[in-house]
Amino acid sequence: MKPTTSPVWEKPSRALLAPGSTSDRMPGGNAKRVLIIEDDRDIVMGMTIRLRSRGYETLNACDGGRGVDSAVQNHPDAIVMDVRMPRMDGLQALSQLQSLVATRAIPVIMLSASLADRQSALDAGARFFIRKPYQNDILVAALESALNDSRERENGRSLNA
Amino acid sequence: MIETLQAVDKKAKFQSVRRRKARERRTISRVADDTTHDCRGALTVVREYVSLLKDGLCGDVSEQQQHILDVIDGCSDELNHMVDNLHDLSRLATGRLSSRMETCRMQDIVEPVRPALEKKAFLRGLALTTDIRSDLSEVYCDPAHISRVLLNLGTHALKSCVQPSRVHLWAMDDQNLEQVVVGFSCYGPNDPDDEPPFDFARFDQPSATIRAVARAFPSRLTMAEKLLHQNLSRLREYTFQGFGTTLLFDIPKATADEILLRYLTRLKHFQGNRAAVTVIRVAATAPDCPETRALIEKLCTSVFQKGNLLLHIDEGEWLLILSNGTRGLADFMSWREANLCDESQKELPRAPRGINIVVEGTWSADAATSDVLSEIKTRFTFSEIQL
């Protein structure tokens, strides 16, 4: 039997997951902010619960275009993005993110159900590619690694300055 | 004049059929890609939500609920493998799945697969034992494909087993033939604890019920059989009286003789006396140059996709065995044309920059396979071939 735990998530609240919304359960001011760009609301909900339970703050957007807008506006610490989405797909969005000074340094983890997207995602500048269906601990490990890399890069930059 | 018109008409009809077939292949590919993509999306949700429940993020979980969630998790894994199988079957049907054969060790292939099989065994209340020795001969195969074969066969064996019983995964060198034999044996509750004596000659004795595994089997076995076929291997099932059922396959050892022999035998089986092979030696003059590497990569993909054989002889050197009966040679020529640096280099043996191509010759498989093999061997010093 698992030890008794207080649930992080008590009741499904889709309003919480409306595009652009942020979590109202922010842990402290130092929480890293993760932007989830994914058109499948069920996946967004699952990922949101998982990441919040690990102390992350989450934002979400339902297509590439909105995701780029949200990244520019909110400066997330990392982005988790699906490849295949309506209107603007993940690869186009990644290319836009890479071309903007404000978002270029944000590590992006790409998700896709198709292995065929792997090379194009990595070539386009994704830090990691994870195939769906993914193991959530792999997603969290990739996210932590991407955030650590960015932190080290920033530290290096401040030392050089 | 009439003959010319007839020839033009025949060519137009041929091109029309080719276009229709290409259209059909594209449709099959698109439908399979989209369907499997959507299935994996749904499985992502199932796996994620089960994991949220199991981790207690939505409240306390009782022991019984935990077990039920483990079963759902296991089933979602299996569905995921089935989706992979369906996708690969469609890629096989449309010629988009190729085997990248290389020299490897069975132990290295089995190790990453074992945890998944052990988990399945645990969920079914079965024991999984393995015996893959590290001193087995090296084999020549696509390790990713053989991993998939092991997962498919292992899952099938575990599903077929009646509790309480065990499944044993083993591999051994065949003393008589240049092959390593890998098998899953299911031992029922009434079977002896000892493993059956794996004397391969015994497989041919009347006490063993033998059948080739091909038709009317679940998708797992169909997929395993097709992947093995791509890897010049075959799947068989044996039932020994007093012992359990064994699913086994043989992988060629990493010797050029054995691989060529299997390739030619298969070619003759499918094409009969029309079968012929062209042997081409490809050498990269600067194997470390990125441009050359990219060209070689394209070449390998093209060659593998059409069911030809590519033997990596040495650093930057390959031997291409192209089947003339299929589109092997034609495709190779197209690849060459498409990748030439300039028009003046279109005559063989010239080749793209950084790559030397030498056509060693064409051999008909009309003769006995062994004759073809020895004919090819007269041109190559096989002892030099280090796979």
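Author: Over all chains, the structure holds 27 salt bridges, a salt bridge being a side-chain nitrogen of Lys or Arg within 4 Å of a carboxyl oxygen of Asp or Glu. Bear in mind that this is a predicted model, where local features need pLDDT of at least 70 and side-chain atom pairs count only at pLDDT 80 or more, while totals for chains, interfaces and linings use all residues. Residues are numbered from 1 along each chain as its sequence is written, chains are lettered from A and ligands numbered from 1 in the order in which they are written, and side-chain values use heavy atoms, with hydrogens and water left out.

Let's start with the interface. Here 24 residues of chain B are in contact with 26 residues of chain A (contact means heavy atoms within 4.5 Å). About 2200 Å² is buried between the two chains, and carbon and sulfur atoms give 54% of that; buried area is the accessible area (1.4 Å probe) that two parts lose on being put together, summed over both. H37(B), E48(B) and L57(B) supply 25% of what chain B buries against chain A, more than any other three residues.

The rule finds 3 salt bridges across this interface. In one pairing, E48(B) meets R50(A) in a salt bridge, at 3.6 Å from N to O. Helices (H or I, at least four residues) and strands (E, at least two) are DSSP runs, numbered from the N terminus.

Now for the pairs within chain B. E111(B) and R114(B) form a salt bridge at 3.3 Å, N to O; both lie in helix α3 (residues 106–123), 3 residues apart, about one turn of the helix. E111(B) counts as partly exposed at 37% relative accessibility, and R114(B) likewise counts as partly exposed, at 25%. The cut-offs are under 20% relative accessible area for buried, over 50% for exposed, and partly exposed in between (1.4 Å probe, protein chains only).

D173(B) and K253(B) form another salt bridge, with their closest N and O atoms 3.6 Å apart. D173(B) sits in strand β4 (residues 166–173) and K253(B) in the loop between β8 (245–252) and α6 (256–271), so the pair ties together parts that are 80 residues apart in sequence. Both D173(B) and K253(B) are buried.
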